[in-house]
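User: I am learning how structural terms are assigned, and I would like each one to be set against its definition. Could we go through the structure below in that way?

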Amino acid sequence: MATETLTLGKALTAGLRKALENDPKVVIMGEDVGKLGGVFRITDGLQKDFGDQRVIDTPLAESGIIGTAVGLAIRGFRPVCEIQFDGFVYPAYDQIVSQVAKMHYRSQGKVRIPMVIRIPYGGGIGAVEHHSESPEAYFAHTAGLKVVTCANPQDAYSMIQQAIASDDPIVFLEPKRRYWEKGPVELDAPLADAYPLHAARVARPGTDATVLAYGPMVRTALDAATAAAEDGRELEVVDLRTLSPLDLTAAYESVKRTGRCVVVHEAPGNLGLGSEIAARITEECFYSLESPVLRVTGFDTPYPAARVEEEYLPDLDRVLDAVDRTFGW
């Protein structure tokens with residue numbers, strides 16, 4: 001089986017290419033996705049190889065992109081929409097919540113909306129305003145949408161194909177600060193053998209405390225686990241991967257063994273995913289917990305200017321500090 005070392009971004013490109021090859025109904029659309037190859041070059045070369053009827057440069061109008069994709073999906077196509085940056089998705093929010101999420105329910109199950117909305121999200125790249133946000137809670141809160149996020153090149157390659165093949169609308173969050181991180185990718189592996197799309201996975205086994213993370217924070221959690229191991233403390237890191245539906249089976253099993261849990265995400269803490277996860281962990285694992293479930297998140301402010309973003313983003317020290325606190329009860 002052929003294994004190549006790819007960046008997460010190139011793995012996404014390979015996954016999109018595979019989806020275009022396998023299904024003539026797959027179309028990619030978005031601002032500058034064609035000739036330019038996308039602002040992060042994720043669609044680089046695809047318009048040249050598949051033509052401008054399948055890789056479509058759209059006007060600068062996110063609402064128009066999503067609205068057009070809804071019509072295409074109803075007519076049997078599988079549109080893949082790129083939102084150039086996380087903070088640009090809000091003009092399309094009404095279309096996503098009122099149409100994309102509701103059409104299947106509104107039609108009593110007669111109409112499917114098989115579309116993917118790709119959103120590069122999160123900070124850490126020194127960007128300007130509206131380019132470093134974490135909008136996942138808006139979409140995970142919305143019934144009718146599925147929300148997933150990859151954290152490594154192998155998942156990027158397989159998850160984007162699984163999302164495109166799904167008959168449900170999926171918000172596909174891509175951790176932009178991790179686009180350039182490399183890892184092994186099995187390019188020839190059958191998609192049927194890939195890890196399930198809506199399932200969490202243990203990224204690093206451990207015995208002393210559980211750290212739950214997703215997207216860009218998985219690498220931060222793994223780095224924290226490596227640092228903790230130098231002091232003799234073994235942290236188990238669980239990559240959640242799917243935010244709606246949430247799969248906490250691996251998390252429950254882990255917390256029942258370790259007795260301690262820290263949830264990490266970039267988004268602000270107030271009503272973030274960490275709140276829901278902490279509540280469910282407490283309900284399910286109450287008698288196993290040795291301390292409260294703690295959260296390490298961004299702050300409840302607008303995303304700051306690039307020169308101070310490292311003060312905002314959860315880092316290794318903040319994660320390790322929370323782990324230390326769980327041992328203080």
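User: How many bridges join strand S10 to S13, and in which sense do the two strands run?

Analyst: Three bridges join strand S10 (residues 209–213) to S13, and the two run parallel. Two strands pair if DSSP finds at least two bridges between them, and with three bridges S10 and S13 meet that condition. Helices (H or I, at least four residues) and strands (E, at least two) are themselves DSSP runs, numbered from the N terminus. Please keep in mind that this is a predicted model, in which local features need pLDDT of at least 70 and side-chain atom pairs count only at pLDDT 80 or more, while totals for chains, interfaces and linings use all residues. Residues are numbered from 1 along each chain as its sequence is written, and side-chain values use heavy atoms, with hydrogens and water left out.

User: What makes S9 and S14 the edges of their sheet?

Analyst: The open sheet has five strands in the order S9-S11-S10-S13-S14, with mixed pairing. Strand S9 (201–204) and strand S14 (294–298) each have a single partner strand, so one side of each is left without a neighbour in the sheet. From one strand to the next, the twist averages 30°.

User: Why is S10 described as largely enclosed?

Analyst: Buried means under 20% relative accessible area, exposed over 50%, and partly exposed in between (1.4 Å probe, protein chains only). Five of the five residues of S10 are buried, so S10 is largely enclosed by the rest of the structure. Ala209, Val211 and Ala213 point one way from the strand, whereas Thr210 and Leu212 point the other way, and all are buried.

User: Which other residues are buried or exposed by that definition?

Analyst: Cysteine 150, in the loop between strand S6 (146–149) and helix H7 (153–165), has a relative accessible area of 0% and is therefore buried. Glutamine 108, in the loop between helix H5 (103–106) and S5, has a relative accessibility of 69%, so it counts as exposed. Leucine 271, in the loop between S13 and H10, is exposed as well, because its relative accessible area is 70%.

User: Why is H3 called roughly parallel to H4?

Analyst: The two helices pack at an angle of about 25°, with their axes 8 Å apart. Axes are lines fitted to C-alpha atoms, for helices over the stretch in contact, and angles run from 0 to 180 degrees between N-to-C directions. Angles under 35 degrees count as roughly parallel, over 145 as roughly antiparallel, 65 to 115 as roughly perpendicular and the rest as oblique, which makes H3 roughly parallel to H4. The contact (heavy atoms within 4.5 Å) is made by Ser63, Ile66, Gly67 and Val70 of H3 and Gln95, Ile96, Gln99 and Val100 of H4.

User: Which residues touch the most other members of the largest nonpolar core, and what makes it a core?

Analyst: A nonpolar core is a set of buried Ala, Val, Leu, Ile, Met, Phe, Trp, Tyr and Cys residues joined through side-chain atoms within 4.5 Å. The largest one has 45 residues, of which Ile66, Met115, Ile277 and Ile281 touch the most other members. Among the elements that give two or more residues to this core are helix H3 (62–74), strand S5 (116–121) and helix H10 (273–285). A second, separate core of 31 residues includes Leu8, Val148, Ile160 and Ile164. In soluble globular proteins, nonpolar side chains tend to be buried together.
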